[in-house]
Amino acid sequence: MNPGTTRDAGLLNGIPRQRPTAREAADETPEGGDIAKTPVTAGTPIGPQVRGLLRRAVQLVPTPTGTPFTFAYTLLLLLTSLYAELGDPDTVRTLLEGSSTDVQHLSRTPVLVLLASALWIAGGISSPWAVGFVFILTALERRVGGVRTAGVFLLGHVVATLVTEVPVGVSVMAGQLPDSSLHRLDYGISFGLMASVGALAGLLPPLLRWPLLGVMAVLLTQDLLDMVDPLASWGHPTALLVGVVCWPVLRRADRRRAAGRADEPSAVADGQVGSYVP
């Protein structure tokens with residue numbers, strides 16, 4: 001599932017040189033009569049624009065130091081996805097059934113299955129959920145930190161799961177659904193990811209925020225109309241709303257982190273710290 005602001009730094013070297021006189025220009029002209037261009041060697045430093053592009057590209061993916069929560073979670077999901085693809089099918093099926101957040105498991109071991117169900121990606125590592133997880137959670141963690149990112153993800157995962165599964169249990173007790181509905185296979189990261197999308201939207205400028213929410217609204221509406229999986233179809237907008245509800249808390253955290261980053265160069269200049277890494 002969540003980028004931090006970037007700053008491009010450049011240093012101006014020296015004082016602008018005056019235009020050389022005609023004699024000086026002639027002295028610097030090689031024997032061939034043509035002014036040779038300065039060759040680009042392997043040691044030529046990368047320009048500020050290239051450094052800025054590289055820095056932005058790095059911030060799109062999780063790193064151990066910049067986004068430890070997303071980095072560790074991504075590795076864990078990669079391992080479980082590879083096992084689901086390459087492991088013994090019967091064992092994989094047993095693990096997925098044991099991780100399912102169906103009514104029966106939620107009534108017996110709610111904490112265990114809520115955590116275990118978020119260790120698998122429905123559709124595998126190549127699914128859109130996996131790609132969205134990496135970029136969305138990286139961006140969110142760079143803005144609000146790993147603890148808050150984990151909190152948003154877990155809150156959306158738990159709330160949307162309960163909203164979709166509790167009515168199933170009530171319907172079974174009322175005789176409106178068969179008992180087989182209590183053993184429904186339900187796992188994956190989609191609820192947590194949708195909550196992270198909703199949370200990240202609140203940290204973006206309006207020009208990006210509202211188109212993102214508009215696209216998500218269209219996709220979720222289409223999902224509800226198709227009703228391929230009615231429970232998941234209702235769970236996704238619920239999770240998105242959970243992320244939106246978190247805006248006030250996350251915006252305050254984002255402002256505090258931005259203020260802390262802005263104070264770091266001043267601390268370096270005053271000699272309070274040894275170095276500054278943007």
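**View 1. The side chains of Arg 184 and Glu 165 form a salt bridge, with N and O 3.2 Å apart.**
A salt bridge here is a side-chain nitrogen of Lys or Arg within 4 Å of a carboxyl oxygen of Asp or Glu. The model is predicted: local features need pLDDT of at least 70, side-chain atom pairs count only at pLDDT 80 or more, and totals for chains, interfaces and linings use all residues. Residues are numbered from 1 along each chain as its sequence is written, and side-chain values use heavy atoms, leaving out hydrogens and water. Arg 184 sits in the loop between α8 and α9, while Glu 165 belongs to helix α8. The pair links distant parts of the chain, 19 residues apart. Helices (H or I, at least four residues) and strands (E, at least two) are DSSP runs, numbered from the N terminus. Both Arg 184 and Glu 165 are buried. Buried means under 20% relative accessible area, exposed over 50%, and partly exposed in between (1.4 Å probe, protein chains only).

**View 2. Asp 186 joins Glu 165 and Arg 184 in a network of salt bridges.**
Asp 186 lies in the loop between α8 (146-173) and α9 (190-201). Is Asp 186 buried or exposed? Asp 186 counts as buried, at 13% relative accessibility. Setting aside residues up to four places away in sequence, Asp 186 touches Ser 99, Ser 100, Thr 101, Ser 117 and Glu 165. Contact means heavy atoms within 4.5 Å.

**View 3. Arg 143 and Asp 254 meet through their side chains in a salt bridge of 2.7 Å, N to O.**
Arg 143 is in helix α7 and Asp 254 in helix α12 (residues 247-269), so this pair ties together parts 111 residues apart in sequence. Arg 143 is buried, with a relative accessible area of 11%. Asp 254 also counts as buried, at 11% relative accessibility. By the rule used here, the count comes to four salt bridges.

**View 4. Within helix α4 (residues 89-99), Glu 97 and Arg 93 lie four residues apart, about one turn of the helix.**
Their side chains meet in a salt bridge at 2.9 Å, N to O. Glu 97 is partly exposed, with a relative accessible area of 36%. Arg 93 counts as partly exposed too, at 46% relative accessibility.

**View 5. The largest nonpolar core has 30 residues.**
Such a core is a set of buried Ala, Val, Leu, Ile, Met, Phe, Trp, Tyr and Cys residues joined through side-chain atoms within 4.5 Å. Which residues have the most contacts inside the core? They are Tyr 73, Phe 133, Phe 153, Ile 189 and Leu 250. At least two residues of this core come from each of α3, α7 (128-144), α8, α9, α10 (206-226) and α11. Helix α7 supplies the largest share, eight residues. Neighbours within four places in sequence aside, Phe 153 contacts Tyr 73, Ala 118, Phe 133, Leu 137, Ile 189, Gly 192, Leu 193 and Ser 196.

**View 6. Leu 75, Leu 78, Leu 82, Leu 86 and Ile 125 make a nonpolar surface patch of about 460 Å².**
Patches are made of residues with over 30% relative accessible area and no salt bridge; like charges are joined within 9 Å, nonpolar side chains (Val, Leu, Ile, Met, Phe, Trp, Tyr) within 5 Å. Leu 78 is found in helix α3 (residues 68-86). Leu 78 is partly exposed, with a relative accessible area of 35%.

**View 7. Helix α11 (residues 230-245) has 16 residues, and its end C-alpha atoms are 23 Å apart.**
At 1.5 Å a residue, helix α11 should span 22 Å, which agrees. The expected span is 1.5 Å times one less than the number of residues. The buried residues of α11 are Ala 232, Ser 233, Gly 235, His 236, Ala 239, Leu 240, Val 242 and Gly 243.

**View 8. Ala 116 and Thr 101 have C-alpha atoms separated by 8.7 Å.**
The two are 15 residues apart along the chain. Ala 116 is in helix α6 (residues 110-116). At 14% relative accessibility, Ala 116 counts as buried.

Buried residues make up 35% of its 278 residues. The chain exposes about 16900 Å², and carbon and sulfur atoms supply 66% of that area. Accessible areas come from the Shrake-Rupley method with a 1.4 Å probe; for residues, only the protein chains shown count as cover.
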